[in-house]
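Here are my notes for a colleague who is new to this model. Please read them with the structure open.

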Amino acid sequence: VPFAGWSLPLHYEQGHLQSHLHTRRCCSLFDVSHMLQTRVYGRDRVKFMESLVVGDIAELKPGQGTLTLLTNEKGGIVDDLIVTNTSEDHLYVVSNASCADKDLAIMRGRVAELQAAGSDVHLEVSDNALLALQGPSMARVLQAGLSDNLSKLSFMNSISTMVFGVSGCRVTRCGYTGEDGVEISVPAEQAVELAERLLSVPEVWLAGLAARDSLRLEAGLCLYGNDIDETTTPAEAGLMWTLGKRRRAALDFPGAAIIMAQVKEKPKRTAPSYTHGRGGARAAGLHSHSSNFTSPGTVTSGCPSPSLGKNIAMGYVEVAHSRTGTTLTVEVRKKQHPAIVTKMPFVSTHYYMAK
């Protein structure tokens, strides 16, 4: 199917349901090479990155990464991306494919501004492929092809290493499924070789876009363009945890004044998750009820949960109606069904933390 200018597989021969469940039980390989990968060099690379995002990049230890938000002057989310402070001489940044063009334009524009002011920073776009191996048996499968000890690599940490004889790879313990997993940045000309080596293990299946979407929703992870966008602030989206304490105090990121004012005054709407009985709501009407008062909301993501056997969704309603246990009504194909606000994630996550 078309996706952000790419042609991506929706599912493979096993189908969406079996692929989803296999990822939860064993492990699956996702080709996520559509993601934008960039490297930021120069002594002012942290200053550059912090002029664009809300996270505390300066506090990242070598090899450590963080999910952060690129914001605009109105406090809206331009993109969610992962920034890693590599053990080498650069920051490694992974951005969403749907935001690649605008992210790149923003980053290149800021680089030019800083360079004109005498700062030492420059940007390189990587042409590497990106493979995600996700699931509880990932570590056992991948360890066979590594000299490094995976048990020492915690969630959101990264190493540069050789993988099954393929040199020049970056392995980052992260992913979009809620399971223990890695994303492997691999030289494009050797991506097929590495993928085939991983797929030679019988328990590793290929997985497509459909499973990726249902897995991330069960894990309570946002999809850019659906659950967050430039009209959504971190306070509304429940993503204030991405703002470092130092950054909150300094107010030195785009939209800082607006975002922090929302935190103080409380946003008017928020993003609850909920379950409902019938119909997989993907982009539907959402209503909260209190006495005779009806407050409209919006479903942003929804699907039948293969793991739970019921429908799940995320959306936005007024804060007063977002408490866990609140009864809502979701409209699916012009029919209304009861829904109940619940805690996220819908399915427990299994991110790995080294002891």
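1. Start with Cys99. Cys99 is buried, at a relative accessible area of 1%. Buried means under 20% relative accessible area, exposed over 50%, and partly exposed in between (1.4 Å probe, protein chains only). Cys169 is also buried, at 1% relative accessibility.

2. A word on the basis. This is a predicted model, where local features need pLDDT of at least 70, side-chain atom pairs count only at pLDDT 80 or more, and totals for chains, interfaces and linings use all residues. Residues are numbered from 1 along each chain as its sequence is written, and side-chain values use heavy atoms, with hydrogens and water left out.

3. Cys169 is in none either; the sulfur of Cys174 is the nearest, at 14 Å. The cut-off for a disulfide is a pair of cysteine sulfur atoms within 2.5 Å.

4. The largest nonpolar core has 24 residues; Leu133, Leu142, Val163, Ile184, Val186, Leu194 and Leu198 touch the most other members. Such a core is a set of buried Ala, Val, Leu, Ile, Met, Phe, Trp, Tyr and Cys residues joined through side-chain atoms within 4.5 Å. Elements supplying at least two residues each include β9 (129–134), β12 (181–186) and α5 (191–199). α5 gives the most, with four residues. Helices (H or I, at least four residues) and strands (E, at least two) are DSSP runs, numbered from the N terminus.

5. Look at Ile184. Beyond its neighbours within four places in sequence, its contacts include Leu142, Val163, Cys169, Leu194 and Leu198. Contact means heavy atoms within 4.5 Å. A second, separate core has 21 residues, among them Leu36, Val53, Leu60 and Leu81.

6. An unreviewed entry lists "domain: GCVT N-terminal" at residues 2–244. That stretch is 24% helix and 29% strand, with its end C-alpha atoms 36 Å apart. The unreviewed entry also places "domain: Aminomethyltransferase C-terminal" at residues 297–347. Here the figures are 0% helix and 63% strand, and the end C-alpha atoms lie 24 Å apart. UniProt positions are in the numbering used here, feature names are shortened, and annotations may be inferred rather than shown by experiment.
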